[in-house]
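Subject: Structure handover

Dear colleague,

I am passing on to you the structure that we spoke about, together with some notes on what I found in it. Please look through the sequence and the model before you read further.

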Amino acid sequence: MEAARAACRVGLLVAFVASGCQRGGGEAEGTRASASAAAPSASAAPVAPVAPPPVASSSVAPSAAAPAPEPPFDPESVTAVIVWQKDDKAKGGFRSSWVERVADKPVVKAERPGILAVSSTSIWSLGTTIVKGCSQYAFDAEGQVVVRNGQPVRENPNMEMPELVRAEDDKRVAPWKDGHGYPTMGTQCESSLEEYSVRVQFEGGMGPFVVASVNTYENHGGAHGIRGQTFMTIDLDRGATVSLAPPEKDKAALAKAAAAGLDVEPKEVRPAGVVLLYGPLGAGLALYRFWASAPYVGGLGGNSYSNDFVVSSKSLPVELERYQKLPAWVVPHLNGKSLNVFLVPPARLASFRRQFDAAYSK
């Protein structure tokens with residue numbers, strides 16, 4: 001319990017979310033392993049045929065203030081990309097490389113110490129804001145609850161909240177702040193809350209989409225606390241979250257594969273989000289995540305009441321069909337690994353390079 005409390009206190013330094021903890025049969029989301037930590041195995045997942053041409057997403061209405069997307073471009077015309085490389089010391093857990101086409105080969109021209117992603121019109125970096133957390137027990141250096149006059153001492157810790165920041169106008173997007181960002185049900189701190197922590201982990205992305213997982217822990221007394229995990233896909237063109245799903249024709253096969261992995265009936269399987277990246281040969285991969293309910297004590301997933309399973313597929317959500325394969329010149333840079341790569345629109349090459357170089361310079 002002392003180790004758990006110590007881990008929770010470390011987690012306080014990162015981020016937090018309003019409804020990350022799901023209970024019972026709620027919309028729990030999770031996985032048995034970090035989807036961004038290892039390349040998916042081709043033998044572990046169905047590979048579907050190419051889906052029909054993309055259609056407009058209906059999950060979120062475009063914001064009136066959002067910039068209009070650029071006209072469609074041919075990925076083979078792309079001469080620069082931004083690549084994320086894992087780096088635990090960098091902002092968001094990745095450092096970013098600017099890679100250009102030189103004599104038909106990939107050459108790293110610059111690097112920045114944190115996450116940089118692109119939408120159709122902008123570069124986005126990672127910023128932070130400090131907020132006050134919910135009241136919880138105070139712990140001493142040995143992990144014991146501080147007691148004064150026979151009562152546990154409470155504190156409202158400062159918490160560091162990550163935000164995606166648009167370069168040209170400082171617009172900020174942090175969907176995990178909804179509901180004041182507390183790891184409780186609803187928008188208010190619960191008086192019974194004894195300890196909690198929240199951590200936002202970026203999982204990668206593709207096209208204008210960035211994926212993050214929000215991991216929470218809360219304890220209201222008793223023998224065990226409650227884990228929570230929520231996956232969020234952010235559409236940078238709209239500055240809002242969206243729900244990406246596999247093409248309709250592939251949903252049944254993917255759910256069947258997840259049911260076999262979870263040892264449940266297909267009707268018991270629920271979607272839990274998607275992680276996007278490129279495989280070693282430059283093909284786009286979608287790691288579709290599924291969950292099924294489990295008893296609290298027996299749950300092995302990201303949530304206390306779930307078991308989780310990931311199915312890898314080359315069948316991308318329809319919104320990402322145009323990004324399904326990297327330009328051939330980029331592939332040698334992957335060096336046999338699965339990586340997160342963002343294509344730089346040719347019309348924005350010069351301005352994006354200036355914004356890339358300026359990022360994290362303060």
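What percentage of the residues in the protein is buried? Of the 362 residues in the protein, 50% are buried, and please keep in mind throughout that this is a predicted model. The secondary structure comes to 4 helices and 19 strands, and among the contacts with a separation of 6 or more, 68% are between residues 24 or more positions apart.

I looked at one of the helices in some detail, namely α2, which covers residues 248-262. Its 15 residues should span 21 Å at 1.5 Å a residue, and because the C-alpha atoms at its ends are 22 Å apart, the model agrees with that expectation. The buried residues of α2 are Asp250, Leu254, Ala255, Ala258, Ala259 and Leu262. An α-helix has 3.6 residues a turn, so residues three or four places apart point the same way. As for what covers the buried residues of α2, the cover includes strands β17 (284-293) and β18 (306-313). After α2 comes Asp263, which has a positive phi, near 60°.

Is Leu276 buried or exposed? Its relative accessible area is 0%, and since buried means under 20%, Leu276 counts as buried. If its neighbours within four places in sequence are left aside, Leu276 is in contact with Gly204, Gly205, Met206, Phe209, Val211, Leu244, Leu285, Ala286, Pro317, Leu320 and Asn340. The C-alpha atom of Leu276 is also separated by 9.4 Å from that of Gly207, although these two residues are 69 residues apart along the chain.

Finally, there is an open sheet of 4 strands, in the order β4-β5-β10-β11, whose pairing is antiparallel. Its edge strands, each of which pairs on one side only, are β4 (116-118) and β11 (172-173). Strand β4 is joined by 3 bridges to strand β5, residues 123-132, and the two run antiparallel. Within this part of the sheet, Ala117 stands opposite Trp124 in β5.

Methods
Residues are numbered from 1 along each chain as its sequence is written. This is a predicted model: local features need pLDDT of at least 70, side-chain atom pairs count only at pLDDT 80 or more; totals for chains, interfaces and linings use all residues. Side-chain values use heavy atoms; hydrogens and water are left out. Buried means under 20% relative accessible area, exposed over 50%, partly exposed in between (1.4 Å probe, protein chains only). Contact means heavy atoms within 4.5 Å. Two strands pair if DSSP finds at least two bridges between them. The expected span of a helix is 1.5 Å times one less than its number of residues.
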